[in-house]
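Here's a quick briefing on salt bridges and a hairpin. Have a look at the structure first, then we'll go through the pairs one by one.

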Amino acid sequence: MDKLMATAAQALADVTDGRSFAVGGFGLSGVPEALIGALYESGASGLTVVSNNCGVDGRGLGVLLAAGRIARVTGSYIGENKEFARQYLGGELEVELTPQGTLAERLRAGGAGIPAFYTPAGVGTQVAEGGLPWRYAPDGSVAVASPPKEVRAFGGVEHILEHAIVTDYALVRAARGDRDGNLVFRRAARNFNPLAAMAGRITVAEVEELIEPGVLDPDEIHLPGVFVQRVVTLTPEQAADKGIEKRTVRER
């Protein structure tokens, strides 16, 4: 099956308001910028996003955030986005913070058909006990708080129950991919991309280089095409446009 789409806009043409998205990337590494841009241009709003972080001001998911298109975020880090913090503390955005490893496994479990799992991460904290502020009221009080989670001991060690994540769509970026959707990621840009791709019912991948089917060695494929429904090829300019979260220069 040829999964190649002509444009990012065509790949997301069926997106409507209120949809959920798992989005790959870590900081600005491996972020599907072209697909995020197409999602912004679609005008869809009220979105639920699952991603390690929500980009930075003006890049990545920060573009959708600044436009008020995101209603809820599940992630593990928000420290580099001032607009994110403003919306969260102002009661405009619902945020579920979860340990980073737990987030990774929740995405993987969703793709593997595992409904839930137990983990020791978060035992003895508000992650387990509940009460984390998911949404603030305009007056600064907590409008919605996290519920307590089931705790069970295995081998004398307490674990908490975490539920898998499955989203309507997943947006990911790969270094190489073929028309069948088989993907190869480059170094650190691999990060959350394979896991996000597994969790989406419809996964759209933007690839920097399109490879014909059969060229990729099966042993070098990081994500098999069974998890990918649509593929978009980036232009050379789009492929080269890779943001740097913090640029540090020092004298040698």
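Let's start with E208 and R173, which form a salt bridge with their closest N and O atoms 3.1 Å apart. That pair ties together distant parts of the chain, since E208 sits in strand β13 (residues 200-211) and R173 in strand β11 (residues 167-178), 35 residues apart. Keep in mind that this is a predicted model.

**How exposed that pair is**
- R173 is buried, with a relative accessible area of 6%, which is under the 20% cut-off for that label.
- E208 comes out as partly exposed, at 25% relative accessible area.

**Other salt bridges**
- Searching the whole structure turns up 18 salt bridges.
- One of them joins the side chains of R59 and E33, at 3.3 Å from N to O.
- Distant parts of the chain are linked here too: R59 lies in the loop between β3 (47-50) and α3 (62-66), E33 in helix α2 (residues 33-42), and they are 26 residues apart.
- E33 is buried at 18% relative accessible area, while R59 is partly exposed at 23%.
- R86 and E92 also make a salt bridge, with the closest N and O atoms 2.9 Å apart.
- R86 is partly exposed at 42% relative accessibility, and E92 is partly exposed with a relative accessible area of 42%.

**The β9/β10 hairpin**
- Strands β9 (residues 151-154) and β10 (residues 157-163) pair antiparallel over four bridges.
- Across from V151 you'll find I160 in β10.
- Two residues separate β9 from β10 in this hairpin, and G155 in the turn has a positive phi of about 60°.

How values were computed:
Residues numbered from 1 in each chain as written. Predicted model: local features only at pLDDT ≥ 70, side-chain atom pairs only at ≥ 80, totals over all residues. Heavy atoms only, no water. Pairing = 2+ DSSP bridges. Salt bridge = Lys/Arg side-chain N within 4 Å of Asp/Glu carboxyl O. Buried < 20%, exposed > 50% of the residue type's maximum accessible area, 1.4 Å probe, protein only.
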